[in-house]
Amino acid sequence: MALVEVASGATQQYLPPILPALGAQVGITTAQQNWIVVVQMAGCAVLTPVLSRLGDGFGYRRVLRVSIGMVVLGSLLMALRPTLGFLTIGALLQGGVVGFMPLMIGILRHQLGDAASRRGIGVLVGALLLAVGCAGIASGAVGAHDARSGLWIGVGAGVLGAAAGFLLPDAAAPAVAARSFDLRGFLLLTAGLVGVVLALAQGAAWGWASAATLGCGLLGIAGLAGWWALELRVVRPLVDVRMFRNPRVAVLSVVTFCVAAATIGSIAFNATFLGASPHDVGYGTGLRAGAIGWALLPMTLSSVLTSALSPALLRACGERATVAAAGVTTLIGFGGLVAVHDSLAAYLVASLFIGAALGLFESVTRTLTVEAVAKEETASAAGINELVLSLGAAVGAAVLGAALGAHTAADGRVGLGGYITGWALCAVAGLAAAAVALRLRPATAAPPAGPEARPATPTHPTHSAHPAKEH
């Protein structure tokens with residue numbers, strides 16, 4: 001499982017360090033580079049509930065192998081044809097990487113139980129984040145000579161994941177009832193996410209008051225509203241939104257959305273800042289692809305450390321303080337960049353706090369969310385967290401791209417104000433996450449099995465909708 005997460009981390013991080021150099025080689029502007037990342041994250045948001053639901057119904061290992069195959073195909077397309085069109089299609093296919101974690105959490109929980117799965121999730125997140133840092137360095141080193149060659153790092157990562165995926169054990173046989181697929185929910189969710197993300201990402205270029213921007217935004221909002229209403233009515237929803245009635249799940253979801261929007265949504269955003277030349281545009285650090293990978297390493301190491309420490313922090317500091325710490329460190333990191341951004345040293349110090357936030361929320365919110373449901377719905381619960389994470393990252397990347405677009409001159413150069421605005425928005429997201437985390441309630445015991453034993457408003461709404469088969 002750790003090897004599969006290594007492949008996942010490499011897939012998610014190998015591209016940002018080489019994007020500036022790749023853009024110069026193949027004629028892709030800064031805004032288009034950010035667009036590729038936005039498409040990838042939007043694909044992640046759409047695929048998360050699909051893969052998680054299919055895993056609960058058809059087997060975690062089987063669907064995991066399909067997800068890995070998507071990543072391999074997407075990476076191969078990008079490496080063979082590094083044009084804007086193929087890079088976009090490849091990035092969309094790479095969105096299958098979001099299935100890795102929830103599907104493996106399903107296997108882990110069925111094989112080992114809750115106590116061991118809490119430790120296991122920390123190990124998997126640590127492997128994921130460590131791979132993120134190493135992939136950035138590897139792709140940067142290869143891309144320093146030829147950015148297009150760095151694209152083959154993704155292919156290698158996919159092959160590694162495929163090999164490891166075929167060695168994994170399977171979990172318990174899935175319930176046949178879970179095999180129904182909510183096609184209408186999928187279509188409405190896709191339309192909603194695409195509309196909202198497209199409006200945010202292209203609003204600056206199209207004009208915020210233009211018919212195209214308003215049309216996409218309204219279509220997206222209508223699609224998401226229709227999707228939510230539909231999911232409340234169907235027996236086997238694509239995403240069990242009833243779960244958000246649980247105050248703990250709701251708080252964890254808001255924290256996940258806010259911190260993901262800032263930390264993950266800003267990865268490519270920050271990479272383009274590091275690659276900007278002070279001589280040409282008046283800001284940035286002027287790092288080449290190889291150096292950008294190394295500059296991202298302190299953030300990675302910080303995230304690995306906090307991820308590994310998260311079980312101990314939960315025991316020592318409590319859930320509320322640990323979750324709130326993710327928001328506080330986000331605020332400190334991005335607030336520091338707003339105040340001081342004229343040197344590489346200032347960026348590296350700020351990145352330590354950003355990495356701490358990344359490691360905390362990636363591990364803690366996943367752990368606390370999956371512990372709220374029955375075992376046979378583990379992947380769906382993990383998928384809820386992954387959906388919120390992916391949606392937050394996609395919206396964050398789109399908003400930051402809009403900030404860059406709003407400060408882009410006629411010659412295509414982005415002004416420093418675009419980065420300052422983006423960092424300020426990320427700091428606000430961290431503040432919001434910390435404030436919401438203070439409302440996290442202590443865990444309560446799950447209700448006993450059997451419909452007659454459940455109260456009218458259950459602690460875990462998922463149990464009410466889908467009675468657990470084993471307790």
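This is a predicted model: local features need pLDDT of at least 70, side-chain atom pairs count only at pLDDT 80 or more; totals for chains, interfaces and linings use all residues.
How do the two helices lie against each other? Two packed helices are described by the angle between their axes and the distance between the axes. Here H4, which covers residues 60–80, and H9, which covers residues 152–165, pack at an angle of about 160°, and their axes are 8 Å apart. Angles over 145 degrees count as roughly antiparallel, so H4 is roughly antiparallel to H9. The crossing of H4 past H9 is left-handed.

Now step back to the whole chain. The protein chain has 21 helices and zero strands. Of its 471 residues, 56% count as buried. If you take the contacts between residues at least 6 apart in sequence, 79% of them join residues at least 24 apart.

You will find Leu103 in helix H6, which spans residues 100–112. Is Leu103 buried or exposed? Its relative accessible area is 0%, and buried means under 20%, so Leu103 is buried. Setting aside neighbours within four places in sequence, Leu103 is in contact with Leu51, Gly55, Tyr60, Val63, Leu64 and Ser67. Take Leu51 from that list: Leu103 and Leu51 are 52 residues apart in sequence, and 8.0 Å separates them in space, C-alpha to C-alpha.

With a relative accessible area of 5%, Gln33 is buried. Not counting residues up to four places away in sequence, Gln33 touches Leu19, Pro20, Gly23, Ile28 and Thr272. Gln33 and Gly401 are 368 residues apart in sequence, while their C-alpha to C-alpha distance is 9.4 Å.

Finally, let us turn to the aromatic rings. A pair of aromatic rings is described by the distance of the centres and the angle of the planes. The count comes to nine aromatic pairs. One of them is the pair of Trp228 and Phe244, which is stacked, at 5.7 Å centre to centre with 25° between the planes. Trp228 lies in helix H11 (residues 211–231) and Phe244 in the loop between H11 and helix H12 (247–263), so this pair ties together parts that are 16 residues apart in sequence. Trp228 counts as partly exposed, at 37% relative accessibility.

Phe269 and Trp423 form another aromatic pair, and this one is edge-to-face: 6.4 Å centre to centre, with 90° between the planes. Which parts of the chain does the pair link? Phe269 is in helix H13 (residues 267–275) and Trp423 is in helix H20 (residues 416–437), distant parts of the chain, 154 residues apart. Phe269 is buried, with a relative accessible area of 0%, and Trp423 is buried with a relative accessible area of 0% too. Both residues belong to one aromatic cluster, formed by Phe269, Phe273, Tyr283, Tyr419 and Trp423.

Key: Residues are numbered from 1 along each chain as its sequence is written. Side-chain values use heavy atoms; hydrogens and water are left out. Helices (H or I, at least four residues) and strands (E, at least two) are DSSP runs, numbered from the N terminus. Buried means under 20% relative accessible area, exposed over 50%, partly exposed in between (1.4 Å probe, protein chains only). Contact means heavy atoms within 4.5 Å. Rings of Phe, Tyr and Trp (its six-membered ring) pair if their centres lie within 6.5 Å; planes under 30 degrees apart count as stacked, over 60 as edge-to-face and the rest as tilted. Axes are lines fitted to C-alpha atoms, for helices over the stretch in contact, and angles run from 0 to 180 degrees between N-to-C directions. Angles under 35 degrees count as roughly parallel, over 145 as roughly antiparallel, 65 to 115 as roughly perpendicular and the rest as oblique. A crossing is left-handed if the near helix is turned anticlockwise from the far one by less than a right angle, and right-handed if clockwise.
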